[in-house]
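The sequence and structure come first.

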Amino acid sequence: MDNYRRSWALRYLREAKAEFEAARKMPYMAPSLLLEAIRKARNAIHYSLGEPAFIQNIIRENAENQTIGDPILRFLVGVEETIQQLTQLKQTDGEAAMNQTNNLIQLASDIVETLTGEQVKD
C-alpha cells in the first residue's frame, strides 16, 4: 500500500470513529452522523484495499449477483447492503443503527489496521 492510500484510509477511519462518538453524545443529530460514519468507514476499507473508484465499480457490478464466490467481494457487497439498511433504519430504530454502525467501524478498524500496520486510537 502506498503512503497516499494509507493516509486516506487512516484519516477516514479516524473520522468515522469521531462521527460515531459525536452521534452517541448528540442523539438529536445521530441519524446524519451515523450515516456519515458508515460512509467514512467504507471509504477507509476501500482505500486500504486499492483504488476506491475501481473497487466501487466492482461492487456495483456484483451487487445483484446472488452467488459471489470471492469472500472479500462478498464482504464488500455486504457492507454496501448494510449502508442501504442503515439509511432506512436511521429514522425508525436508532439503537439498531448505532449497533450496526459500531460493528462496521470495528470491522473497518480491523481491516485498516491489519493492512496498514498502524493502530488508530479511539
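## Ser48 and its surroundings

Leaving aside neighbours within four places in sequence, Ser48 is in contact with Met1, Arg5, Ala9, Ile111, Val112 and Leu115, where contact means heavy atoms within 4.5 Å. Ser48 belongs to helix 2; helices (H or I, at least four residues) are DSSP runs, numbered from the N terminus. With a relative accessible area of 5%, Ser48 is buried. Buried means under 20% relative accessible area, exposed over 50%, and partly exposed in between, with a 1.4 Å probe and protein chains only.

The model is predicted, with local features needing pLDDT of at least 70 and side-chain atom pairs counting only at pLDDT 80 or more, while totals for chains, interfaces and linings use all residues. Residues are numbered from 1 along each chain as its sequence is written, and side-chain values use heavy atoms, with hydrogens and water left out.

## Helix 1 against helix 2

The axes of helix 1 (residues 3–25) and helix 2 (residues 30–49) come within 8 Å and cross at roughly 160 degrees. Helix 1 is therefore roughly antiparallel to helix 2. Axes are lines fitted to C-alpha atoms, for helices over the stretch in contact, and angles run from 0 to 180 degrees between N-to-C directions; under 35 degrees counts as roughly parallel, over 145 as roughly antiparallel, 65 to 115 as roughly perpendicular and the rest as oblique. The crossing of helix 1 and helix 2 is left-handed, that is, the near helix is turned anticlockwise from the far one by less than a right angle.

Helix 1 contributes residues including Tyr4, Trp8, Tyr12 and Phe20 to the contact, and helix 2 contributes residues including Leu33, Leu34, Tyr47 and Ser48. The residues of the contact of helix 1 with helix 2 divide into 17 nonpolar, two polar and five charged. Here Ala, Val, Leu, Ile, Met, Phe, Trp, Tyr, Cys and Pro count as nonpolar, Asp, Glu, Lys and Arg as charged, and the others, Gly among them, as polar.

## Aromatic rings

Rings of Phe, Tyr and Trp (its six-membered ring) pair if their centres lie within 6.5 Å; planes under 30 degrees apart count as stacked, over 60 as edge-to-face and the rest as tilted. By this rule there are five aromatic pairs. In one of them, Tyr4 and Trp8, the ring centres are 6.4 Å apart and the planes stand at 65 degrees, so the pair is edge-to-face. Tyr4 and Trp8 both lie in helix 1, four residues apart, about one turn of the helix. Tyr4 is partly exposed at 47% relative accessible area, and Trp8 is partly exposed at 26%.

Tyr4 also pairs with Tyr47: the centres are 6.5 Å apart and the planes at 70 degrees, so this pair too is edge-to-face. Tyr4 lies in helix 1 and Tyr47 in helix 2, so the pair ties together parts that are 43 residues apart in sequence. Tyr47 counts as buried, at 14% relative accessibility. Tyr4, Trp8, Tyr12 and Tyr47 form one aromatic cluster.

Val79 is found in helix 4 (residues 71–89) and is buried at 4% relative accessibility. Beyond neighbours within four places in sequence, Val79 is in contact with Arg42 and Leu104.

Ala108 lies in helix 5 (residues 94–116) and counts as buried at 0% relative accessibility. Its contacts, leaving aside neighbours within four places in sequence, are Leu13, Ala41 and Ile45. Ala108 and Arg42 are 66 residues apart in sequence and 7.1 Å apart in space, C-alpha to C-alpha.

Notes
Helices (H or I, at least four residues) and strands (E, at least two) are DSSP runs, numbered from the N terminus.
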